[in-house]
Amino acid sequence: SNGFFSFNRLLEAADKSFQEKDLKTALKYYQLASQEIDTEELWEKLGNLQFQLKNLQDAAFSYNQILRLSPGSKKAKLKLRQLFGQFQDKAGRLIKEKKFQQASVMLERALQIDRPPHILEDAAKVYKHLKDFDKADELIEEAQNARDAQKEQEAEKERQVLILKGKEYTKRKEFTQAIDNLEKASRIKLDKDVFMYLAHIY
């Protein structure tokens, strides 16, 4: 195709096919257009159409392209959460049916979107059934690391709240409460700021 004019023609043809409910033709035109121009609007149209046609893995790719261009896109994040849920649900049904190979495919698709510890652990169990123990061990280790990271993040959030409270109590000259909060923060992790605040109060 030749530049902007051809791109516009492709989009017009895609939109027309979509309006006429010729979804497969619309998909073909949108895919051709995506090779020409890299825009959030185009990837959204393509992803939504792929989602509608149940081409879920392709839809996930398109929504990830939106996030590449616009990392804060709420629409793309919501669609990816929906896809994640669908892959997870399909994997769950396949596991109940003891179709572990197919379940592993669905779990891997979910893990391309997000890698929470519980899904990593589910995937590890599936790979154990498939006798792929190296892969299972790798996923278990990743899950444990993810859980440890979550705990650290939660602890740091709690520590920051305690420090903020400690500083507020200090401003109000309520030193007993200030010391209590800052000492709790220091038990989570002691840094220079907390140490200096406590030293100042003492």
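What covers the buried residues of helix H7? That was my starting point today, and I kept in mind that this is a predicted model.

**Entry 1: H7**

I looked up the cover first, and it includes helix H5 (74-96), helix H6 (100-113) and helix H8 (133-171). Then I listed what is being covered: the buried residues of H7 are Pro117, Ile119, Leu120, Ala123, Ala124, Val126 and Tyr127.

Just after H7 I came across Lys131, which takes a positive phi of about 65°.

**Entry 2: H2 and H3**

Next I went for helix pairs. Two packed helices are described by the angle between their axes and the distance between the axes. For H2 (residues 23-36) and H3 (residues 40-52), the axes come within 10 Å and cross at roughly 145°. I noted the crossing as left-handed. On the H2 side, the contact is made by Leu23, Ala26, Leu27, Tyr30, Gln31, Ala33 and Ser34. H3 brings Leu42, Trp43, Lys45, Leu46, Leu49, Gln50 and Gln52. Sorted by class, the contact has nine nonpolar residues, four polar and one charged.

**Entry 3: H9 and H10**

How do the axes of H9 and H10 cross? The axes of H9 (residues 175-188) and H10 (residues 192-201) come within 10 Å, and the angle is roughly 150°. The two helices are therefore roughly antiparallel to each other. This crossing is left-handed. From H9, I wrote down Phe175, Ala178, Ile179, Leu182, Glu183 and Ser186, and these meet Val194, Tyr197, Leu198 and Ile201 in H10. By class, that contact has eight nonpolar residues, one polar and one charged.

**Entry 4: Glu183**

I stayed with Glu183, which is found in H9. Is Glu183 buried, exposed or partly exposed? Its relative accessibility is 28%, so Glu183 counts as partly exposed. I set aside its neighbours within four places in sequence, and found Glu183 in contact with Leu198 and Tyr202. Last, I looked up how far Glu183 lies from Ala59: the two are 124 residues apart in sequence and 50 Å apart in space, C-alpha to C-alpha.

How values were computed. Residues numbered from 1 in each chain as written. Predicted model: local features only at pLDDT ≥ 70, side-chain atom pairs only at ≥ 80, totals over all residues. Heavy atoms only, no water. Axes fitted to C-alpha atoms, helices over the stretch in contact; angles between N-to-C directions. Helix = DSSP H or I, 4+ residues; strand = E, 2+ residues; numbered from the N terminus. Parallel < 35°, antiparallel > 145°, perpendicular 65-115°, else oblique. Left-handed = near helix turned anticlockwise from the far one by under 90°. Contact = heavy atoms within 4.5 Å. Nonpolar A, V, L, I, M, F, W, Y, C, P; charged D, E, K, R; others polar. Buried < 20%, exposed > 50% of the residue type's maximum accessible area, 1.4 Å probe, protein only.
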